[in-house]
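Here is a friendly walk through this model, point by point, for anyone opening it for the first time. Please keep the sequence and the 3D view side by side as you read.

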Amino acid sequence: MSTSPAFADTLRGEWIKFRSLRSTWLTLAGLVVVGLGLTLLSMDPAGQSYVTGTAEERQDWDPTYRSLMMYFVAQLIIGVLGVLVVTSEYATGLMRTSLSATPRRHRLLGAKVAVVAAVALVAGQALMFAAFLIGQAGFAAAGVPHATLDDPRALSAVVGGGLYLAVIALLAVALGTIIRATAGALATLVGIVLLIPAVEGIFPSWLDGLLDLWPTLGGAAVLATVPNPDFPQPWLNLVGMGAGVVALLAVAFVVFERRDV
């Protein structure tokens, strides 16, 4: 008779560990405070840009995307959450205990992925809806065009933003599992979501297809409601980005299964 716990037991154990860590709640609190704080601070400059903008700039005014632009920082915070779920156990030596209790390693990592995915999805959606509502209220008060969830593509942009953050969190779990060090995983995450997009212009044209799926480029295009000629199918870009993260998670499962702790 097998003594290995069922997946439901492992999942319950990972959830208890996750919610018992102070860093979890501090990171989630930081996500809300920084995300909504940036939304509030950006309202006035965004409104002024419309007032002083040219006719062409006003035509491209996208109040939905303007209210969700805090995703640029939020993705790093939720990435920290995904990295720490794995690397904190390596740093403290708790990973040995976890593997002793759950010898089937794929089951342990699967439970971590499930917990992070669920928390990141709920937190990401809540943050995006709150930022949208706060942002549109600010635009309305400033007398500039604003959006509602009934406007074309507004709801899909908000929902897509939450999904985007959840995918970034899973990317962070994969990096944490493969690299096993918090600093290294976070540095790699910053390089992926910030550095590569910043220097995209230096890459050869044959890499354009890959960059279309890159986080903060093609994947993040789903947050806009004004069509972007560079990314005419933003949801396909997000799906492609998700497929890339799934592939990286598959690599993480393989190395987690084979390497010593």
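1. V251 sits in helix α11, where helices are DSSP runs of H or I with at least four residues, strands are E runs of at least two, and both are numbered from the N terminus. With a relative accessible area of 41%, V251 is partly exposed; buried means under 20%, exposed means over 50%, and partly exposed lies in between, using a 1.4 Å probe and protein chains only. V251 and W61 are 190 residues apart along the chain, and their C-alpha atoms are separated by 41 Å.

2. A word on the basis of all this. This is a predicted model, in which local features need pLDDT of at least 70 and side-chain atom pairs count only at pLDDT 80 or more, while totals for chains, interfaces and linings use all residues. Residues are numbered from 1 along each chain as its sequence is written, and side-chain values use heavy atoms, leaving out hydrogens and water.

3. Helix α11 (residues 234–258) also holds F256. F256 is buried, at a relative accessible area of 4%. Which residues does F256 touch, not counting those up to four places away in sequence? They are Y90, M95, L99, R105, L108, L109 and T177, where contact means heavy atoms within 4.5 Å. A130, by contrast, is 37 Å from F256, C-alpha to C-alpha, and 126 residues away in sequence.

4. Next, the record. The unreviewed UniProt entry annotates "transmembrane region" over residues 25–43, 68–92, 113–134, 154–179, 186–207 and 235–256. Those positions are given in the numbering used here, with feature names shortened, and such annotations may be inferred rather than shown by experiment. In the model, residues 235–256 are 100% helix and 0% strand, with end C-alpha atoms 31 Å apart. Residues 186–207 are 59% helix and 0% strand, and their end C-alpha atoms lie 24 Å apart.

5. Helix α9 (residues 182–198) deserves a look of its own. Its 17 residues should span 24 Å at 1.5 Å a residue, and the end C-alpha atoms are 23 Å apart, which agrees; the expected span is 1.5 Å times one less than the number of residues. Where is the kink in α9 centred? Look at G191, where the kink is about 40 degrees; the bend at a residue is the angle between axes fitted to the seven residues ending there and the seven starting there. G191 is itself buried, as are A185, L189, I192, V193 and P197 of α9. The cover over these buried residues includes α5 (71–92) and α8 (154–179).

6. α2 has 30 residues and reaches 44 Å from its first C-alpha to its last, close to the 44 Å expected. At M43, α2 bends by about 35 degrees, and a proline, P45, follows within four residues. Buried residues of α2 include T27, L28, L31, G35 and M43, and its buried residues pack against α1 (7–20), α3 (55–59), α4 (63–68), α5 and α7.

7. L31 counts as buried at 2% relative accessibility. Beyond its neighbours within four places in sequence, L31 is in contact with A74, I77, I78, A123 and L127. V255 is 224 residues from L31 along the chain, with 30 Å between their C-alpha atoms.

8. The axes of α5 and helix α6 (residues 94–101) come within 5 Å and cross at roughly 105 degrees. That makes α5 roughly perpendicular to α6, a label used for angles from 65 to 115 degrees. V86, E89, Y90 and T92 of α5 make the contact with L94, M95 and S98 of α6.

9. R153, between α7 (105–142) and α8, has a positive phi of about 70 degrees although it is not a glycine, and R153 is partly exposed at 34% relative accessibility. R180, between α8 and α9, has a positive phi near 65 degrees and is partly exposed at 27%. P227, in the loop between α10 (208–211) and α11, is exposed, with a relative accessible area of 61%. P227 and D62 are 165 residues apart in sequence and 9.9 Å apart in space, C-alpha to C-alpha.

Definitions and conventions:
Axes are lines fitted to C-alpha atoms, for helices over the stretch in contact, and angles run from 0 to 180 degrees between N-to-C directions. Angles under 35 degrees count as roughly parallel, over 145 as roughly antiparallel, 65 to 115 as roughly perpendicular and the rest as oblique.
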